[in-house]
Amino acid sequence: MRTALLRAAGKELRASRALVLLSVAGVALGVASVLSIQILNRGALGAFEGGVRAVSGEADLSILGWTGRLPEDLLPEVLGTPGVGAAVPLQRVEVAVEGRPGPFDLAGGPAAPQAAGRTGRGSSASPSTLTLEVVGADLLAPLRLPWTLPRGGVAAALGEPGWVAVSPGIAAEAGWRVGDAVAVSSGSRRVVLRIGALVDFQRIAPLASRRLAVMDLAQVQALLGTPGVLHQIDVLAADPGGAAALADRLQARLGERARVTTPAQRTVEAEGLLSAFRLNLTALSLVSLLVGGFLVYAATQAALARRREELGLLRCVGATRGQVLGLVLAEVGALGALGTAAGIPLGWLAARANAGAVSGTLRSLYLLEGIERVELTPGLVALAVAVGVGGAVVAGVAPALDAARRDPLALLSSVTQQEAAEAGAGWLLAAGGALLAGAAVVSAATARWPPSGFVLAAGIVAAAPLAAPAALRVLARVPVPRRLGVRWGLRTLGARLPSAAVAAGAVAVAVAMLAGITIMVASFRTTVVRWLGATLRADVYVTTPSWRRGRSEATLSPRVLDALGRAPGVVATDLLRQLAGYAGARRVSIAGVEAGLPAAEGRVALASGDPHTALRLLREGAVLISEPLARKAGLAPGGSLSLRTADGERGFPIAGVYYDYGAEQGAVLMDLRTFAGAFGPGPPTNAALYLAPGVDPEAVAAWVRAALPGDAVLVRSNRTLRAEVLDVFEQTFAVTRLLQAMGLVIAVAGIALSLLVQARERAGELALYRALGATRGQLFRVFLGRGVGLAGFGLAVGWPAGAGLALVLVRAVNPAFFGWSLRLDWPLATLAGQGAAVLLAAALASVHPGVRASRTPAAELSRDAI
Amino acid sequence: MPPVLAFRGVSRLYRTAGGAVLHALRDVTAEVEAGSAVAVTGRSGSGKSTLLHLAAGIDEPSSGEVILAGRALSSLPDRARTLVRRDAIGLVFQFFHLLPHLSALENVLVPAAVAGDAQGPAEERARALLDRLGLAGRAEDRVQQLSGGEMQRVAVCRALLRRPRLVLADEPTGNLDDENGQRVMELLLAVAGEQGATLLYATHSRELAGLAGERWHLHSGVLERAA
């Protein structure tokens, strides 16, 4: 019996190639969406984790500075702490390679105003500059380093000026060979390094960045960084089991001057930093899976409608309900398996295609390492299988249970699904309303819980398809058109509820996501453009190619500052220093600016607080905090911000909250003098020039470049910087757009599937039209009308849902989850264009089913045809 | 007056999946005069439906010619045959084949929609036909609310809507009880006669066949003229 049933299932799959193909495509795209995001998420963390492993290797603990730096004289104290087996001092410096574009390096940085020298951090290298992370290590330390230098390498590293070991990957990419000279810059300093050896960091940690390079610590300090300063001390415990106790001892000894972490803790910190970003993408990818599930549901429903009699007969001859259920679920599982098999490579390709964009976001927004490689692990394959097969089975369970529950006579009877669907439309609408109301209540009740906005968003996405059957049913009340054609197809959609409602529901979900995200991104863009307009007031911005990720080593030399002071037409110079520090346990970007410049208050867009008072307080030692920091830490003007300074934890009065869209984790702004008092004196990292009226910024930029031929500086006019910021903004949402497109493709496939089902299931009706004299062209137009009508209904339901979704994303999710407030913008022209594209795609998706339907012969009329 | 419909040496063969040849019709030659009513009888599988399908241009003969209003259907391309069917033929089926999502009136109007006829006159005529067949009060009802006899009367109205020259009815009473069958058949004959339409219908019933002016009998695909 089982063999016969399985054979029947196989026959069914073979007989419905087009339906199977579309269902498989739906599952494949859904799996691909989820998998690609998980690969990218894992790659993002893996890159960080790999970097830790490749640099710190077998070290049990890492000692890091709260402000990014450690005084060198901390090393003897560490070594003198009981239980320390060995300690390796490290200095890590980002250097820009001159004349080399970087594949994933998108670190132009969206936080342009910070780069301009004002709010925190931001733009650095030109969007295509290759950078290396040079790790300066004590190569004679008694701790076994995770990598080994070739024979004679240590002596050369110590003795040859500029000796550097790079990874084989970057050497191959850049065409470097051992012995080659490579010109790099750290801050405005230009240095020539010599490739001394190749060290394969990725052999130690496959996801580690190929941009890692190794030099002797003393050389790094002298050539690229700061003498007497360390960034990290890796510690090996004398007793491998005593690392935790050693960490406590070290922390007690070092006190406020440093923090002691394990490699695992550092990875957890990175996870925390990325949690919102990862959750956002994961949620979006799950929508594609949901839409794919609709397709499987529709296909299962169609298959069961077609085989109703067969199943009834099977039940009559003794097949149990369990056997029928098993048969249907086995079919659905096979669809899921096929979709998963196709979705896995597709997901990998999608991840690969988007690694660059995601890397850009990671670097510019989260100050983390970009994704080094996209890796498909057995765990991710297992996830894809679970998502694809499991999702398909879940989607098929309802129709399968329905078929299994019915008694044999009911299966053989002529009770149509249409009747059942019509009866259920009202209930589904009510269920959707209840779901939405429930989500709203839960969201309101948990308003302080950051993900509460997602609950409401999920409610909207889930309610949209439930409204589709009722919306379609309204069509049945529309007068019958005078002619058999497009309008006729549209009018009769309501008569095809079982398949039409699923397809319209799928389109509605996809359109809701498309519209919701489009409105949110447009709102974000408008907000950023206005923010740039309000705060980006200088005429020329000067930074260095290596200035990125808060490394305070990338500074402007006195010679550069002198040249800037002499530049023609400059009436004021705004200087900025910045570093990555900590407010309590929260990592924040801290910047010092010239708060005393004339009209300085005009250069900060305050969310709360009076600009004049805030700037006055800033000059007196208070700080401004960014909106994300204020929201996440629950801070407000008048309160106090506790920062880890060079002298330990110190409180700063909060003068105001400013809008900032560059650092999700939060940023702090203070006067340069306050900055120097808290973190020590030092050169600036960026400068912004204000020109006299009528002076050409491009001419001044050219003058600065010409005046500093020996220095590595990036000089950009206001206009250029704005354009770069917006370019990076667009890159940040590239993955989002891909996911939107995938969801939409699945939905349009759903339309094709629905129409194919109708062409097959309703062959009798089509044959009747043909018998009554309808031409093939008329039947084609009927199907065209149905396809476009489905898309139209998807839009009619999806657009309002998308508007609701956008409101939730803009008003609730972004403020609560990312911390920034957005100004709502309705990009009507873009939405209209998307609507037209959806209708066009639906029309194209209708062509094949329409052609098939038009070929229905009149002789197809049979007893049960209609 | 030339016949409305003529079969000239028409044969229709079907090949089964196993390769065997089935003769649905064998060398049929017959004519249907304008305004007449012809009943075709025969057992199940005798070729009655095939004959009607050929007459409607739904099927094509394996050999011979089907001539409708002087035109050989088999020489026409599909589109032209379709248009001939649309403009000259009305069809009544055993299982009604009404569209469940439309009302009785809307079902009657389907041929007008197919042909793109003007709405007003078509609806006027549809209502008149429904009235004539005793369905005036059911025009707005969905067909699922109608009885079998009422459904077939709606189907008759649909067949006659565009004043076809030829009405083809395949077992029009086969799915009805005797009483309803008799009533529907009488109405069909009467209204077709009033419209001046020629009627060719297939039936199992000798009684209903007796209502026609001429009877043909099919036996294993061979046409015999009944007395």
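Two strands pair if DSSP finds at least two bridges between them, and strands themselves (E, at least two residues), like helices (H or I, at least four), are DSSP runs numbered from the N terminus. In chain B, Val40(B) stands opposite Trp216(B) in E9(B). The model is predicted: local features need pLDDT of at least 70, side-chain atom pairs count only at pLDDT 80 or more, and totals for chains, interfaces and linings use all residues. Residues are numbered from 1 along each chain as its sequence is written, while chains are lettered from A and ligands numbered from 1 in the order in which they are written.

Strand E3 (residues 37-41) and strand E9 (residues 214-219) of chain B run parallel and are joined by 4 bridges. Both belong to an open sheet of 6 strands with mixed pairing, in the order E6-E7-E8-E3-E9-E10. Its edge strands, each pairing on one side only, are E6 and strand E10 (222-225). From one strand to the next the twist averages 20°.

Chain B also has an open sheet of 4 strands, with antiparallel pairing and the order E2-E1-E4-E5. Here strand E2 (21-32) and strand E5 (71-72) are the edges. E4(B) and E5(B) pair in the antiparallel sense over 2 bridges, and Ile67(B) stands opposite Ala72(B) in E5(B).

Next comes the interface. With contact taken as C-beta atoms, placed from the backbone, within 7 Å, 26 residues of chain B are in contact with 26 residues of chain A. Helix H1 (48-56), helix H2 (78-88) and helix H4 (110-115) of chain B each give two or more residues to this side; H2(B) gives the most, with 6 residues. The side of chain B divides into 14 nonpolar, 6 polar and 6 charged residues; Ala, Val, Leu, Ile, Met, Phe, Trp, Tyr, Cys and Pro count as nonpolar, Asp, Glu, Lys and Arg as charged, and the others, Gly among them, as polar.

In chain A, the axes of helix H2 (residues 17-56) and helix H25 (residues 734-761) come within 9 Å and cross at roughly 165°; axes are lines fitted to C-alpha atoms over the stretch in contact, and angles run from 0 to 180 degrees between N-to-C directions. H2(A) is therefore roughly antiparallel to H25(A), a term for angles over 145 degrees. Their contact has 15 nonpolar, 5 polar and no charged residues. Among the residues that meet are Leu22(A) and Gly26(A) in H2(A), and Ile746(A) and Gly750(A) in H25(A).

Technical notes:
Contact = placed C-beta atoms within 7 Å. Parallel < 35°, antiparallel > 145°, perpendicular 65-115°, else oblique.
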